Amino acid sequence: MTMPANGGADRRTDSVLTALSSTPVPVGNMDANGTVPVPVNSNYGLRLSPKKDHKPENYEDFQSEFSPLLFSALERHLPPNLLNAPREVKFNHMLDILRRYWNEGERRRVKQHSLYRERIMSSYQPLYRELYELNPSSFFVPSFINAFMANDDVSRNQSIRNIMSEPVPGVLTFDMLLPDFCSKMLAEVENYEKWIMETKSATIRPNTMNKFGVVLDDFGMEPMLEKLIEDFIRDISKIFFIDVGGYALDSHHGFVVEYGVDRDLELGFHVDDSEVTLNVCLGKQFAGGELYFRGVRCEKHMHTESQPEEIFEYSHVPGRAVIHRGRHRHGARPTTAGNRVNLLIWCRSAVFRELRKHMNESTTRWCGECQREKRERLDRAVAEKKEELMWNRILRLR
């Protein structure tokens, strides 16, 4: 499994819900220091089951070491007496909860990485500042924007389905990025890499498998990517990936990877550290580099054989996106000529990761092998029942 270089904070929040479902947490009004005081006899904890019809607040204007999307996802798990509390009270309440369950080592690493990002953003001068704030009309092709314009959920869901191609179950492709955006993003990444070399700055690569590429969140693009997920990717995931937490994406790892003769040539067979992965080719001129998919698997069945219907190869086209479950096994063929650059966003859900701890992996409905074994068990049970009925009938006739 590939793992992000800066995913410690996100992974640590995975265990928050269970830890707090039976633990007293502070409830009440904030004191002069902006914290929520702990009442003497508080029994309130986060609820493991969310209040699904509750519309959460937006926390983008609050500053903390956690993603604003995490607060929105966590809000549905607040106890009833806090669901309609002032937004600032809810924010401080959840922030106190999250911080309480971090050990000192985790806090230190997060703080160090935060300082690392601050140093970069205080010195690096962007080439195209318009890339750092989401602007759909200058980012996306019209067909992609129009698919999200419907006023009601039913119409919007159908229009999103209409722009999708699904060449193999669980792998969806669609036109997304304008050529001008792709060109500017390529130039921005090259400008950042040039700045790294000139200033001899340390850089963190996207994951353990890629030696080339950059983390977009590290030099200021995190807010733009969060907005992209909130306004667009989450709607797609709610339709196609609800079984792996697509309904509650609350954090991400955004990066660009580079392939070519003088870069990474290929990518080995793996799964992503994500619930949902968005992968968009930015260019440039290249040959090869196809993605090969081999079915969705849980941890138990990671190395099982693929079924014929699960085998698929996808050829990259600049501006065209492919989106799939993180647990969908895949790899990249060698890039045989030129250079290929792709933008990836690993979208995660701390809520889903926590709930998975309470699932029976042997019946995981998103794992192809689990479902095949389940069908085989059902077929055997039906065959055995038929045979039993047949023999009962024979014995009666005697």
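How many bridges link strand S8 (residues 291–296) and strand S11 (residues 328–332)? Select both and you'll find four, with the strands running in the antiparallel sense. Strands here are DSSP runs of E, at least two residues long, helices are runs of H or I, at least four residues long, and both are numbered from the N terminus. Two strands pair if DSSP finds at least two bridges between them.

You're looking at a predicted model, where local features need pLDDT of at least 70, side-chain atom pairs count only at pLDDT 80 or more, and totals for chains, interfaces and linings use all residues. Residues are numbered from 1 along each chain as its sequence is written, and side-chain values use heavy atoms, leaving out hydrogens and water.

Stay put and click Phe293: opposite, in S11, stands His330.

Next stop: S1 (residues 165–168) and S2 (residues 171–175), an antiparallel pair with two bridges. Val168 has Val171 as its bridge partner. Two residues separate the strands of this hairpin, and Gly170 in the turn has a positive phi of about 90°.

Last, pick helix H9 (residues 153–162) and helix H11 (residues 222–240). Arg156, Asn157, Ile160 and Arg161 in H9 meet Asp235, Ile236, Ile239 and Phe240 in H11, where contact means heavy atoms within 4.5 Å.
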